[in-house]
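Please look through this structure with the report below, which takes up its backbone, its chain contact and its pocket in turn.

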Amino acid sequence: MDDLPIEKIAISGPTLASLIQRFSTSPGPIDGLLYGHVSLLTPSTLSDDTSSSSSSLPSTSTSLPPISSSSQTLIATITSFFSLSAGHVNPLLLPTPPPSSSLLGWFSARRRSPLRPSLREFSLSHSLSSLPSLSFPILSSRSSLSPCIFLLLSSPIYDQTIHTHEYRAYQFRSSLLSFDPKSIEVINIGPAFRSHYGAFSPNSPFPSLPCDHSSSMAVDDEKEEEERLRAEQTQLDDCAEGFQVGRLSKLMGNEAANYSAGLENLYGKMLVKIESLARQVEQSSALVFEQENHNRKLKYKAARFTGSE
Amino acid sequence: MASDGVPPIIAAQLNYLLSHFPLSVKIEHLWSGSKFSTGVIDRFTIVIPYCLDFIKWDFIYNSESPISAPDVIFGAEDENFLSFLARNDGVEGNANSAKNCLSDWNGKDPTRLMVLLQQLRDQYMNYQRKRVDEVDDDRLKFEVSTIAFREGIEMHLSSGAEKPEEVKFAVPLTEMNIDKMVHGCPWRHSPKIYLQVIYPVGRKYVSASSAPRLKLLSTSDLKSIFSIEDFKLPPWLDGMCMAEYLPHLEESLEKQILEAVSLIDVRRRFIESLAPLFGRPLEADPIFCRKATFLAGSGAFTFLVHFSISTQFPKQQPGLMLQSSQHMNSHGVPAKSPLITEYPWSPRWETSVMAEKIFEFLVDEALNFKRYCNEAQLQH
């Protein structure tokens, strides 16, 4: 197991946002596991030939940096996480990582506390990175790495007018027995982040939609697959209430005015359905919230009772 | 202590810590980390005395589960302490390591927090010792090797970005149980006296034999019988080391403390000799004999005489303050004289003579004080 230094840690904007959201809605501190992958970026040694003289002196080409682990940069990319209530991460009992990703490390989120790793966080990072069974391969490389990433989330101790979320990323270096602070890069979608697109791999496969039945039936031995698709199609048809994709062609031409009214009617119904669904969710959330509050009160009462014993 | 809002299980541990920890720890700041009930306090900063200074550690409990073990966040300047703990807990594998204490935490046991703090502080002491050992300075290495065996010695390497590195020693002095020497002493612990020794590190150009910075400090209890500021440190001779300096210092300190303890009886005799002239004291400090109050009169004018007797008595005469029983200022506070420290006095007098001279002085002074009180009242 190597203890290679990671250059930086990348996380997609939505993943970080959902992590913060998960933390800010949880009643207490949370812990969780971070999944993703570590890839190797070989720095480009190709550069523009600025001096014409270099071509006449081929020996200068030996000054190019040798390909070694020191000249390569490791980037850890966090693609998903799994959260637990604090104190429930057990290095010996870990869930299996989602497909095509590895356990990179873990995170701890605790409200109103200093943004420094604590005793417990240090110990847990230490044990996670010292279990050889957990080490995972670095993409496009023969080396491997242990789950050494630690993400710490907190909020300021003193109340402030503007609520801030604080976070800091570390790599636990088992050879040095210390946390190494790392810069964290939030990756969003857009031209500025185009270079990172390759670093993300899909973690949920694109759903297979039956777009074109006639041509894709070349492989006919997948009867079961077809069955499943048919079942899905019926479900979709139920929602569409008789409106099929084929009928969309009627949106053009003479019948269009007539037809669009029907389509609008369908959308209207759908909106009503969504609204009532949203209301149901809201009501049940309120009930859950109330029940949680009640449970909390009981818990405090019980604590007071045991404390007075 | 103010334990409002602290869950009872945590409060029990805190109270136990405050009343049983051998050093006087303080809880500096209590706050809540809960999302919903901000009144439930589950975090606090404990200020722990170390090497004549303080270390502040944050203890983070979880109000959602107060029975669980707390987490500790150490000071920002001690980031390597975690590595030290990880190394040492692994090596020693002893049953009373902080890690073991946390892994089989029993929230219902009120002693747990104190045990944890004690273990962590012990480790912190080892950690600082190791840091000092690693300093590359021959003189310091020599000093450490000669005095490290002293029980209770603490060391600290301070290194700031702006400040030059310094090694600080806190050397406990004398094994005297001063509390046992004073009859009826109310102190919880015997007062401690420390010599603080500060060596600058790595200044190659400073002459190797120059004296370190020395300062004598004591716990505040000692003030009642002995003022540490009045003690003159013996000179640090050229080329001296701590092992040479300390026995000499301890010897003269012990002599002075014995003398200070014997002075309590001198003060007691003085208060007793006041009684035949002034009558029984209204109030007197029976243990250290530093204060006494008598009721006196001059004709119809009655007043109180407060005696404050310094630890330097009889070298230094007692301070007197008169307080009228008949005059009040506009705020309803009894009229008082300023502190009187100048009147006939000789430390060589018998205590009965001292008392007589004070009594005589007060016969005249009472008239002045009465006039002063009447004038003050007329102005209102």
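## Two backbone features

A:R112 lies in the loop between strand 4 (102-110) and helix 3 (119-129) of chain A, where helices (H or I, at least four residues) and strands (E, at least two) are DSSP runs numbered from the N terminus. Although A:R112 is not a glycine, its phi is positive, at about 40°.

In chain B, a cis peptide bond with omega of about 5° joins B:F313 and B:P314, and B:P314 is found in the loop between strand 11 (301-308) and strand 12 (319-328) of that chain.

## Basis of the values

This is a predicted model, in which local features need pLDDT of at least 70 and side-chain atom pairs count only at pLDDT 80 or more, while totals for chains, interfaces and linings use all residues. Residues are numbered from 1 along each chain as its sequence is written, chains are lettered from A and ligands numbered from 1 in the order in which they are written, and side-chain values use heavy atoms, with hydrogens and water left out.

## The interface of chain B and chain A

The contact (heavy atoms within 4.5 Å) takes 32 residues from chain B and 33 residues from chain A. The area buried between them is about 2,800 Å², with carbon and sulfur atoms giving 62%; buried area is the accessible area (1.4 Å probe) that two parts lose on being put together, summed over both.

Two salt bridges are counted between chain B and chain A, a salt bridge being a side-chain nitrogen of Lys or Arg within 4 Å of a carboxyl oxygen of Asp or Glu. The side chains of B:D71 and A:R120 meet in a salt bridge, at 3.8 Å from N to O. Elements that give two or more residues to the side of chain B that touches chain A include helix 1 (8-20) and strand 3 (53-60) of chain B, and helix 2 of chain B gives the largest share, five residues.

## The largest pocket

On a 1 Å grid over the protein atoms alone, a pocket is an open set of points where a 1.4 Å probe fits, with protein on both sides within 12 Å along at least five of seven lines, and lining residues have an atom within 4 Å of a point. The largest pocket holds about 1,400 Å³ of space, a volume being the space filled by probe spheres set on the points, which are joined across faces, edges and corners.

Of the 43 residues that line the largest pocket, the closest to its centre are B:P22, B:L23, B:K192, B:Y194 and B:T219. Helix 4 of chain B gives the largest share of this lining, four residues.
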